[in-house]
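This report covers a single protein chain.

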Amino acid sequence: MAKFEFVSKLRDFFTSAQAVKVSAFIGFTVLMTAVIASQNFFFQNIIENGISKRDIIAQKTLTVEDVKRTEQHKKEVSQKIEPVMAPAEDDFIKSNLQTLQSSIMQIRKKDVDEAVKNEEIGILFDLSDNSKKDFIINFLLKADDNSLREVFDKANLTLSNILRAGITEKDYEKDNIDKIILNNLVSNVSKRQVSVIKAVLEQVIVPNLVVDEFATEIARKNAQNSVKPYEVIFQKGDKILFEGEPVTRLKRDALRQAGYNVY
């Protein structure tokens, strides 16, 4: 009787839903283990020391990203992005211009010999290689207040135009500064005023643009992200590998897509 009950319980256990699930899980595990083992065995047999031991043909059409070429293209695109510049010295430059103009006005008011005034203006301005040195100094010292104020106003407006456009280290050469001033002059400036405005602004202009590292990095990342992956297509029947061919990353990725368990 006891033996009959044991057999009955054993039968019930093996026919229960839980037993069926356990059996299915064990069977699936064994099957997957066998598949992986067979793939590893097969891969070991076709690849040795990174070299293909035989020809491998695509059994279906494969589209594989060439990661190496894609990354190289991203690098090239990133390197072509110019640094993003940001203004950094505008207030400093404007303040220097105001200080220079105040100094000129102070020198004009001094009750000293003209020779002393000329010397002091010469200290404020580097006019050693300026062919209009005498004219500029004479204008700054002897022009009436309205004429001088008009030149100062036009110099301030011209400086605002220049700072708005921006000056980089590359721009900061004497010949370039002259061109930058002329290209940004306000309207209705006489030839006499041009010489004085240039002389005044040349004393205060410095590069006002610096590299914005954060913005530059974002611009380069955006450029990289815009690069489309470089893809290689293996049509069904194409040779993925030939015997004796080194297995590159591209070919390994192709083998993975073909169903080989490649590490």
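## A residue in strand 1

Glu 48 lies in strand 1 (residues 47-48); helices (H or I, at least four residues) and strands (E, at least two) are DSSP runs numbered from the N terminus. Its relative accessible area is 43%, so Glu 48 counts as partly exposed, where buried means under 20%, exposed over 50% and partly exposed in between (1.4 Å probe, protein chains only).

## Basis and overall content

The model is predicted: local features need pLDDT of at least 70 and side-chain atom pairs count only at pLDDT 80 or more, while totals for chains, interfaces and linings use all residues. Residues are numbered from 1 along each chain as its sequence is written, and side-chain values use heavy atoms, leaving out hydrogens and water.

The protein chain has eleven helices and eight strands. Of its 263 residues, 30% count as buried.

## Helix 5 against helix 6

Helix 5 (residues 114-124) packs on helix 6 (residues 133-142) at about 115 degrees, with the axes 10 Å apart. Axes are lines fitted to C-alpha atoms, for helices over the stretch in contact, and angles run from 0 to 180 degrees between N-to-C directions. That angle makes the two helices roughly perpendicular, a class that spans 65 to 115 degrees.

On the helix 5 side the contact (heavy atoms within 4.5 Å) is made by Glu 114, Lys 117, Asn 118 and Ile 121, and on the helix 6 side by Ile 137, Leu 140, Leu 141 and Lys 142. These residues divide into four nonpolar, one polar and three charged.

In helix 6, the buried residues are Ile 136, Ile 137, Phe 139, Leu 140 and Leu 141. Helix 4, helix 5, helix 7 and helix 9 are among the elements that cover them.

## Nonpolar cores

The largest nonpolar core has 33 residues; such a core is a set of buried Ala, Val, Leu, Ile, Met, Phe, Trp, Tyr and Cys residues joined through side-chain atoms within 4.5 Å. Those with the most contacts inside this core are Ile 104, Ile 121, Phe 125, Leu 140, Leu 201 and Ile 205. Helix 7 (145-165) is one of the helices that supply at least two residues each, and its seven residues are the largest share.

Not counting residues up to four places away in sequence, Phe 125 touches Leu 100, Ile 104, Leu 140, Ala 199, Val 200 and Gln 203. A second, separate core of 14 residues includes Phe 234, Leu 241, Leu 250 and Ala 254.

Technical notes
Parallel < 35°, antiparallel > 145°, perpendicular 65-115°, else oblique. Nonpolar A, V, L, I, M, F, W, Y, C, P; charged D, E, K, R; others polar.
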